[in-house]
Amino acid sequence: MSETANTSTRQILTQVCEALQEKGYNPVNQLVGYILSEDPTYIPDHKNARILITKIERDELLSELVRNYLNIE
């Protein structure tokens, strides 16, 4: 994933996380549920979070998460 795409993904995840927190959800639980199931109902419509999260390809997101977790570039 390019640095620009990485920044965009980070921005989208940040916005989605904020929307989830504002609605009283646990962002980690909701995002994991969405990633595993690809069921958009895990993400509320609040602040267009559901539309935003669908702009990220799940396989790219998972790859990025694993790279970051393992600190691999």
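**Core, salt bridges and surface of a predicted helical model**

Ile-43 touches Val-16, Leu-20, Gln-30, Leu-31, Tyr-34, Ala-49, Arg-50 and Ile-53, leaving aside residues up to four places away in sequence; contact here means heavy atoms within 4.5 Å. The model is predicted, so local features need pLDDT of at least 70 and side-chain atom pairs count only at pLDDT 80 or more, while totals for chains, interfaces and linings use all residues. Residues are numbered from 1 along each chain as its sequence is written, and side-chain values use heavy atoms, with hydrogens and water left out.

Ile-43 also belongs to the largest nonpolar core, which has 13 residues; within this core, Val-16, Leu-31, Ile-43 and Ile-53 touch the most other members. A nonpolar core is a set of buried Ala, Val, Leu, Ile, Met, Phe, Trp, Tyr and Cys residues joined through side-chain atoms within 4.5 Å. Buried means under 20% relative accessible area, exposed means over 50%, and partly exposed lies in between (1.4 Å probe, protein chains only). Helix H1 (3-22), H2 and H3 are the elements that give two or more residues to the core. The largest share, four residues, comes from H1. Helices are DSSP runs (H or I, at least four residues), as are strands (E, at least two), and both are numbered from the N terminus.

Helix H2 covers residues 27-37 and helix H3 covers 49-53, and Pro-40 is found in the loop between them. With a relative accessible area of 32%, Pro-40 is partly exposed. Its contacts, not counting residues up to four places away in sequence, are Tyr-34 and Arg-50. Pro-40 and Asn-68 are 28 residues apart in sequence, and their C-alpha atoms are 24 Å apart in space. The loop between H2 and H3 also holds Asn-48. Asn-48 is not a glycine, yet its phi is positive, about 60°. At 48% relative accessibility, this asparagine counts as partly exposed.

Four salt bridges are found in a search of the whole structure. A salt bridge is a side-chain nitrogen of Lys or Arg within 4 Å of a carboxyl oxygen of Asp or Glu. One of them joins the side chains of Lys-47 and Glu-22, at 2.8 Å from N to O. Lys-47 lies in the loop between H2 and H3 and Glu-22 in helix H1, so this pair ties together parts that are 25 residues apart in sequence. Glu-22 is partly exposed, with 47% relative accessibility.

Another salt bridge joins the side chains of Glu-38 and Arg-58, at 3.5 Å from N to O. Because Glu-38 lies in the loop between H2 and H3 and Arg-58 in helix H4, the pair ties together parts that are 20 residues apart in sequence. Both partners are partly exposed: Glu-38 has a relative accessible area of 45%, and Arg-58 has one of 24%.

A salt bridge is also formed by Glu-64 and Arg-67, whose closest N and O atoms are 3.0 Å apart. Both residues lie in helix H4, three residues apart, which is about one turn of the helix. An α-helix has 3.6 residues a turn, so residues three or four places apart point the same way. Glu-64 is buried, with a relative accessible area of 9%, whereas Arg-67 is partly exposed at 26%.

Helix H4 has 13 residues and reaches 18 Å from its first C-alpha to its last, close to the 18 Å expected at 1.5 Å a residue; the expected span is 1.5 Å times one less than the number of residues. Tyr-69 lies in H4, which covers residues 58-70. With a relative accessible area of 74%, Tyr-69 is exposed. Val-66, Tyr-69, Leu-70 and Ile-72 make a nonpolar surface patch of about 470 Å². Patches are made of residues with over 30% relative accessible area and no salt bridge, with like charges joined within 9 Å and nonpolar side chains (Val, Leu, Ile, Met, Phe, Trp, Tyr) within 5 Å. Accessible areas come from the Shrake-Rupley method with a 1.4 Å probe, and for residues only the protein chains shown count as cover.

H4 is followed by Asn-71, which has a positive phi near 60°. Asn-71 is not a glycine, and it is exposed, with a relative accessible area of 70%. Glu-73 is also placed in the segment after H4 and is exposed at 93% relative accessibility. The C-alpha atoms of Glu-73 and Val-28 are separated by 23 Å, the two residues being 45 apart along the chain.
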